[in-house]
Amino acid sequence: MPCICGAVIIRQSNIISLMASGLLCVFGPFTVFLLLRRKLSLKFIPFACGAILYMVFVLLIEHFYFDLLSGPDSPFKDALIANPALYMLFAGFSAGIIEEGGRYLSFHIMKKWYSDFPVSISSSLGFSSFDGIYHVGVRFIIYAILAIQHNFRVHAGNPGLEYLSIFRTLSQASFSEYLLAGLERILYGGIHIGLSTLVWYSVVKPGCTYLLYGSILLHAIFTAPAALREIHVLQSPSIYFSVLASFSLVSLFIGFLVHRADVRGRREPSDPFSLF
């Protein structure tokens with residue numbers, strides 16, 4: 001078939017990985033919610049509240065806050081980036097206070113109608129669902145569709161689509177980069193499950209407000225690799241994803257401890273970390 005010389009062609013492996021990551025992030029958390037709905041008695045309203053929580057506290061409040069203090073026009077940007085430790089603390093604790101504070105408010109509002117442990121799981125899955133859709137899902141699926149259309153036009157001897165800079169980026173990256181982008185959102189989903197259970201426990205159990213502060217601290221620790229990667233201090237993908245996977249497992253284990261404490265607490269007061 002005719003092909004225009006010098007035209008950008010996106011490899012099939014890249015298109016497949018784009019579509020796979022996009023579909024995983026769009027449907028992954030919601031599919032988990034559906035699969036576990038009966039077994040764990042998950043409810044849709046807390047799931048929707050988790051998605052709304054992400055839209056309000058992350059996309060609106062957190063984005064405005066970070067644009068104000070570390071955006072391109074901020075007078076503090078250079079000072080923050082020049083000091084990786086300072087930026088890591090700033091980004092981690094700022095996001096932790098906003099997101100975990102939002103969870104705390106959300107669980108307080110829902111407590112009258114939804115106060116059992118599955119609420120924390122439903123909310124975290126809704127939060128992760130919108131996080132994946134926003135960061136990866138829709139964008140990757142659109143890129144994959146455009147890349148397929150572009151390749152067909154070029155192979156037919158017609159001019160390609162006009163998004164040349166996008167297609168050059170898509171053609172130069174390796175397929176693993178797109179798969180890892182989807183994996184990153186899933187690992188953060190695991191992190192959010194553990195943090196969500198901690199905040200939920202701090203709301204429904206008297207005398208456990210300290211767990212809210214613990215969730216903020218853990219949020220800062222768990223997101224530290226992302227902050228360092230953002231300012232190009234942590235450049236090794238293998239180290240980044242190894243640490244992120246470890247944090248995700250630790251957070252899921254915290255969720256297990258909270259669940260165990262909730263079950264024990266029906267008989268007598270229990271602390272999630274009494275194991276230690």
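**Group meeting: an all-helix chain**

At 57% relative accessibility, H232 counts as exposed, where exposed means over 50% relative accessible area, buried under 20%, and partly exposed in between, with a 1.4 Å probe and protein chains only. This is a predicted model, in which local features need pLDDT of at least 70 and side-chain atom pairs count only at pLDDT 80 or more, while totals for chains, interfaces and linings use all residues. Residues are numbered from 1 along each chain as its sequence is written, and side-chain values use heavy atoms, with hydrogens and water left out.

To stay with H232 for a moment, its place is the loop between α9 and α10. Its phi is near 65 degrees, a positive value in a residue other than glycine. S41 also has a positive phi, near 60 degrees, and again this is not a glycine. As background, most residues other than glycine have a negative phi. S41 sits in the loop between α1 (12-40) and α2 (44-70). With a relative accessibility of 38%, S41 counts as partly exposed.

Now the chain as a whole. How many helices and strands does the chain have? The secondary structure comes to 10 helices and zero strands. Along the principal axes, the C-alpha atoms fill a box of roughly 75 × 50 × 30 Å. The chain has 276 residues, and 45% of them count as buried. Contact here means heavy atoms within 4.5 Å. Among contacts between residues at least 6 apart in sequence, 77% join residues at least 24 apart.

Next, the cores. A nonpolar core is a set of buried Ala, Val, Leu, Ile, Met, Phe, Trp, Tyr and Cys residues joined through side-chain atoms within 4.5 Å. The largest one has 32 residues, and F107, I191, Y201 and V258 have the most contacts inside it. Which helices each supply at least two residues of this core? They are α4 (84-110), α5 (118-155), α7 (175-204), α8 (210-222) and α10 (237-265). The most comes from α7, with 10 residues. A second, separate core has 15 residues, including I10, A144, A173 and Y178.

The packing of α4 on α7 comes next. The two helices pack at an angle of about 50 degrees, and their axes are 9 Å apart. Axes are lines fitted to C-alpha atoms, for helices over the stretch in contact, and angles run from 0 to 180 degrees between N-to-C directions. So α4 and α7 are oblique to each other; under 35 degrees counts as roughly parallel, over 145 as roughly antiparallel, 65 to 115 as roughly perpendicular, and the rest as oblique. On the α4 side the contact is made by E99, E100, R103, Y104, F107 and H108, and on the α7 side by H192, L195, S196, V199, W200, S202 and V203. By class, that contact has six nonpolar, four polar and three charged residues. Nonpolar covers Ala, Val, Leu, Ile, Met, Phe, Trp, Tyr, Cys and Pro, charged covers Asp, Glu, Lys and Arg, and the others, Gly among them, are polar. Beyond its neighbours within four places in sequence, F107 touches V119, S120, S123, S196, V199, W200 and V203.

The other pair is α5 and α7. Their axes are 8 Å apart, at an angle of about 160 degrees. That makes α5 roughly antiparallel to α7. Residues of α5 in the contact include S120, F127, D131, H135 and F140, and those of α7 include Y178, R185, H192, S196 and W200. By class, this contact divides into eight nonpolar, 10 polar and two charged residues.

A227 belongs to helix α9 (residues 224-230), and counts as buried at 5% relative accessibility. Neighbours within four places aside, A227 is in contact with Y87, M88 and A91. A227 and A91 are 136 residues apart in sequence, but 6.5 Å apart in space, C-alpha to C-alpha.

S171 belongs to helix α6 (residues 164-172). Is S171 buried or exposed? At 14% relative accessibility, S171 counts as buried. Neighbours within four places aside, S171 has contacts with V8, I9, I10, R11 and N14. S171 and S120 are 51 residues apart in sequence and 41 Å apart in space, C-alpha to C-alpha.

Notes
Helix = DSSP H or I, 4+ residues; strand = E, 2+ residues; numbered from the N terminus.
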